[in-house]
Amino acid sequence: MKPATDQPTVARTVSAPPMPECLTMPSEGALFEVVLAAHVLCAVVGFGSILVTGGYAGLARPRTGRPAVPDSVKRYFRPGPNWASRVIFLVPVFGLILAGMGGGEDFHQPWLWIGSALWLVAAGLAIGLVWPAEHQIASVVNAHGSGAALAVVSTRASVAAAVADLAVVAAFVV
């Protein structure tokens, strides 16, 4: 048992030591601006491509009075992957570099983790729904097909692309 004292107890706060200067970079300057531009450009190109995929998937849906799929849709859904949309994988890479350039203080901010979670949702939709649907649409359209199968897969692609891009817009806002 401690002896009673008349002096109040003082609470101490413990903080992490500052990062050594050799491991941090200033969050301003040319290098920071280049990395920031690459981060934003990858997001705009990658998720913009997913948005365009959703739009063309909507155009691919069979409609009464239109006998065939438009030529622009056939050109867009050519065989092979949509490489522009794969740029979304660079978004978190540049984002983490940016967070590290500020000395790591951003890693404790909720906006970084909320934005990362929204990116995961958008990337998951792209990987799990949009890209497979893109491949299926390309297969059907390039085989000169249409009908119920194309209607289902094009609807899935356009809805998933819209939801993915809404998640990205929310991440930009955060």
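Residues are numbered from 1 along each chain as its sequence is written, and side-chain values use heavy atoms, with hydrogens and water left out. Because the model is predicted, local features need pLDDT of at least 70 and side-chain atom pairs count only at pLDDT 80 or more, while totals for chains, interfaces and linings use all residues.

The protein has 5 helices and 0 strands, and its pattern along the sequence is α-α-α-α-α. Helices (H or I, at least four residues) and strands (E, at least two) are DSSP runs, numbered from the N terminus. Of the 174 residues in the protein, 29% are buried. Buried means under 20% relative accessible area, exposed means over 50%, and partly exposed lies in between (1.4 Å probe, protein chains only). Contact means heavy atoms within 4.5 Å. Among contacts between residues at least 6 apart in sequence, 78% join residues at least 24 apart.

Aromatic rings come next. A pair of aromatic rings is described by the distance of the centres and the angle of the planes. Rings of Phe, Tyr and Trp (its six-membered ring) pair if their centres lie within 6.5 Å; planes under 30 degrees apart count as stacked, over 60 as edge-to-face and the rest as tilted. A search of the whole structure gives 3 aromatic pairs. One of them is stacked: Tyr56 and Tyr76, at 4.6 Å centre to centre with 10 degrees between the planes. Tyr56 lies in helix α1 (residues 30–60) and Tyr76 in helix α2 (residues 71–76), so this pair ties together parts that are 20 residues apart in sequence. Tyr76 also pairs with Phe77, edge-to-face, at 5.1 Å centre to centre and 90 degrees between the planes.

Phe77 is located in the loop between α2 and α3. Leaving out residues up to four places away in sequence, Phe77 touches Thr53, Tyr56, Ala57, Glu134, Ile137, Ala138 and Asn142.

The model also has pockets. On a 1 Å grid over the protein atoms alone, a pocket is an open set of points where a 1.4 Å probe fits, with protein on both sides within 12 Å along at least five of seven lines; lining residues have an atom within 4 Å of a point. Grid points are joined across faces, edges and corners, and a volume is the space filled by probe spheres set on the points.

The largest pocket holds about 680 Å³ of space. It is lined by 26 residues, and those closest to its centre are His39, Gly95, Trp111, Leu112 and Gly115. Helices α1, α3 (90–101), α4 (110–142) and α5 (148–173) each supply at least two lining residues, and α4 gives the largest share, 7 residues. This lining divides into 19 nonpolar, 6 polar and 1 charged. Ala, Val, Leu, Ile, Met, Phe, Trp, Tyr, Cys and Pro count as nonpolar, Asp, Glu, Lys and Arg as charged, and the others, Gly among them, as polar.

The second largest pocket holds about 240 Å³. Of its 14 lining residues, the closest to its centre are Arg78, Gly80, Pro81, Asn82 and Glu134. Here too α4 supplies the largest share, 6 residues, and the lining divides into 6 nonpolar, 5 polar and 3 charged.
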